[in-house]
Amino acid sequence: MTLLGSSTVAIAQSSSNSVNAAPPAPPARVAAIPPKAAADMQMVLDQLPVLGAKPIETLTPVKARIQPSAADATKAVMRQKGMSTAPDPAVTTQDLPYGSDPMQFARIYKPANANSAPMPIIVYYHGGGWVIADVNTYDAAPRLLAKQLNALVVSVEYRHAPEFKFPAQHDDASAAYKWVLQNAQSWGGDTSKLALAGESAGGNLAIATAIYARDNNLTKPVHVLSVYPIANSSMTLPSRTDSANAKPLNTAMLKWFGYYYTNAMADMQDPRLNLVGANLRGLPPTTIVNAQIDPLRSDGETLAAAMKVAGDKVEQRTFPGVTHEFFGMGTVVRGAYDANAYAIARLKAALGIRN
């Protein structure tokens, strides 16, 4: 987990797997003022306190999971603008299990007007620091991708920490990927046109699963879309300071997630978490999307640099005036709309979609 620690700083891990385990002591406060958000982005952020959101780093996991989310704030703005918040009926969904645990399931998004022709497949992993959120919270991006790409999007749910600690989520991500390869044809999917995607913790899982596919001789994805991924365990990255007090994700929350997710200090340097230290050679072409006002911004930037050194084809873009979680806000935030269009164009090219 990003900001879990570094060679010079020790951060404890919670030994409890209880969702009621007390939060860690808060880190020393950083006085930095984050960059100014664009007006439409700020409108969404302003809804969080109105909805009653409390600082997640002060809560137990069970309380954090019922907090209003950035997706809830986006819907509040949509309602203010007279826009419908109902799911787009152009895409249908079906939940199917890929494992025996109740949380090991996937939501399959399919265009309602799909014909018999095999469709591209995108395996998508949601965010939430591996502790909070689920496929319901992160509905916007997979639904949009299914519609715009006329593709099957498989949004993977996975077991959460602290009930299941590292590497449970990575194990689930790879298990779900193998399951998709085995079953996608029966859903109308074409496994020769398969991409990986994810946001935040899911952006990490997308890259880590591409590494897993390479190392286990599985069908490789043709592209990876990694949106504000967790990728670098250094405590001294620039965005850790300049966006320390950003919303909806701040640097103290990164410590909070790591406290509940990891088992021991050694987990922090595991290449599945600290992706910049992984063997990155031979990975698919990759698109990395970052937000300017985000403590994870430097993760994406340093991951892109490491992938280029490894010889991978990678394009990284940091969008100004927006914050963590912006990618699902394209209906009300222009920067998100632009990021969606950029990511979709990259995926279309990779999947050979010409419309």
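The protein chain of this predicted model carries 31 positive and 26 negative side chains, with the centres of the two sets 3 Å apart. Lys and Arg are counted as positive and Asp and Glu as negative, whereas His and the chain ends are not counted; each charge is placed at NZ of Lys, CZ of Arg, CG of Asp or CD of Glu. Local features need pLDDT of at least 70 and side-chain atom pairs count only at pLDDT 80 or more, while totals for chains, interfaces and linings use all residues. Residues are numbered from 1 along each chain as its sequence is written, and side-chain values use heavy atoms, with hydrogens and water left out.

The protein chain contains 10 helices and 8 strands, assigned as DSSP runs (helices H or I, at least four residues; strands E, at least two) and numbered from the N terminus. The radius of gyration of the protein chain is 19 Å, close to the 20 Å given by the globule rule for 355 residues, so the chain is as compact as a globular protein of that length. This radius is taken over C-alpha atoms, and the rule is 2.2 Å times the number of residues to the power 0.38. The C-alpha trace spans about 55 × 50 × 40 Å along its principal axes.

Of the 355 residues, 56% count as buried (under 20% relative accessible area, with exposed over 50% and partly exposed in between; 1.4 Å probe, protein chains only). The accessible surface of the protein chain comes to about 14,200 Å², and 53% of this belongs to carbon and sulfur atoms; areas come from the Shrake-Rupley method with a 1.4 Å probe. Among contacts (heavy atoms within 4.5 Å) with a separation of 6 or more, 79% are between residues 24 or more positions apart.

The structure holds 10 aromatic pairs. Rings of Phe, Tyr and Trp (its six-membered ring) pair if their centres lie within 6.5 Å, and planes under 30 degrees apart count as stacked, over 60 as edge-to-face and the rest as tilted. The Y259 and Y260 ring centres are 5.0 Å apart with planes at 80 degrees, so this pair is edge-to-face; both residues are buried. For F319 and F326 the centres are 6.1 Å apart and the planes at 45 degrees, so the pair is tilted.

S239 lies in helix α7 (residues 238-242) and is buried, with a relative accessible area of 0%. Beyond its neighbours within four places in sequence, S239 contacts A244, D294, P295, L296, R297 and S298.
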